[in-house]
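This report describes the fold of a single protein chain, from its overall make-up to selected residues. The structure is shown first, and the description follows.

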Amino acid sequence: MFKFLWNAGAALFWLMVIGGAGIWLPLTLWWSGGCASEEFERVQSPEATKAVLVEVVNCGATTNWQTDIWVTELQDTDERELLVSLDGHPTDLNYVIDWQSDKRVAVTDFDFNHLLSFKSTQRVGDLVEADIHPRVVRQ
């Protein structure tokens with residue numbers, strides 16, 4: 001009888017651990033929010049209809065800072081496009097944001113080794129035409 005109770009208790013314990021993880025783990029991940037982002041810099045277009053936002057992304061102690069450079073409509077902040085993602089905090093990076101017109105922006109002079117991703121194609125309906133050029137290193 002004792003062995004039956006022991007095995008039943010062990011089965012109940014593992015059922016609670018596995019079942020509880022199936023319930024609590026997704027809830028914990030949902031509440032934690034994942035990565036935190038904070039606006040670091042904002043550069044408005046010449047006609048002040050759009051802006052380039054530089055955001056600092058922090059996903060916790062096991063990852064490095066990430067700098068995301070977005071373009072957004074000022075009237076509709078939900079509409080935005082990622083131009084460049086760089087590895088590191090913006091205070092430790094070099095980059096230049098230059099509005100050439102209200103429909104054309106350049107992100108230049110960043111170190112290619114810090115590049116994580118960039119907007120590589122131009123499509124009809126894009127917010128801006130982006131010129132993305134890393135710094136030329138001469139040896």
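## Overall composition

The protein chain contains 1 helix and 8 strands. The model is a predicted one. Read from the N terminus, the elements follow the order α-β-β-β-β-β-β-β-β.

Of the 139 residues in the protein chain, 29% count as buried. The accessible surface of the chain amounts to about 9,700 Å², and carbon and sulfur atoms account for 58% of this area. Among contacts between residues at least 6 apart in sequence, 46% join residues at least 24 apart.

Strands of a sheet pair through backbone hydrogen bonds, either parallel or antiparallel. In this model, an open sheet is formed by 5 strands in the order S1-S2-S3-S4-S7, and its pairing is antiparallel. From one strand to the next, the twist averages 20 degrees.

S1 and strand S2 (residues 50-58) run antiparallel and are joined by 8 bridges. Within this pairing, Ala-36 has Asn-58 of S2 as its bridge partner.

## The three-stranded sheet

An open sheet of 3 strands has the order S5-S6-S8, and here the pairing is mixed. S5 and strand S8 (129-134) stand at the edges; because each has a single partner strand, one side of each is left without a neighbour in the sheet. The twist in this sheet averages 15 degrees from one strand to the next.

The mixed pairing can be followed strand by strand. Strand S5 (residues 96-101) and strand S6 (residues 104-110) run antiparallel, with 5 bridges joining them. These two strands form a hairpin with 2 residues between them, and Ser-101 stands opposite Arg-104 in S6. S6 and S8, by contrast, run parallel and are joined by 6 bridges. Arg-104 takes part here as well, with Glu-129 as its bridge partner in S8.

Asp-109 belongs to strand S6. Is this residue buried, exposed or partly exposed? Its relative accessible area is 36%, which lies between the cut-offs of 20% for buried and 50% for exposed, so Asp-109 counts as partly exposed.

Leaving aside neighbours within four places in sequence, Asp-109 is in contact with Asn-94, Tyr-95, Val-96, His-133, Pro-134 and Arg-135.

## Aromatic side chains

The structure holds 1 aromatic pair. This pair consists of Phe-13 and Trp-14 in an edge-to-face arrangement, with 5.0 Å from centre to centre and 75 degrees between the planes. The relative accessibility of Phe-13 is 48%, so this residue counts as partly exposed.

A further aromatic residue, Trp-70, has Arg-80 lying over its face, at 3.9 Å from the ring centre.

Terms used. Residues are numbered from 1 along each chain as its sequence is written. This is a predicted model: local features need pLDDT of at least 70, side-chain atom pairs count only at pLDDT 80 or more; totals for chains, interfaces and linings use all residues. Side-chain values use heavy atoms; hydrogens and water are left out. Two strands pair if DSSP finds at least two bridges between them. Helices (H or I, at least four residues) and strands (E, at least two) are DSSP runs, numbered from the N terminus. Axes are lines fitted to C-alpha atoms, for helices over the stretch in contact, and angles run from 0 to 180 degrees between N-to-C directions. Rings of Phe, Tyr and Trp (its six-membered ring) pair if their centres lie within 6.5 Å; planes under 30 degrees apart count as stacked, over 60 as edge-to-face and the rest as tilted. Buried means under 20% relative accessible area, exposed over 50%, partly exposed in between (1.4 Å probe, protein chains only). A charge sits over a ring if NZ of Lys or CZ of Arg is within 6 Å of the ring centre and within 35 degrees of the ring normal. Contact means heavy atoms within 4.5 Å. Accessible areas come from the Shrake-Rupley method with a 1.4 Å probe; for residues, only the protein chains shown count as cover.
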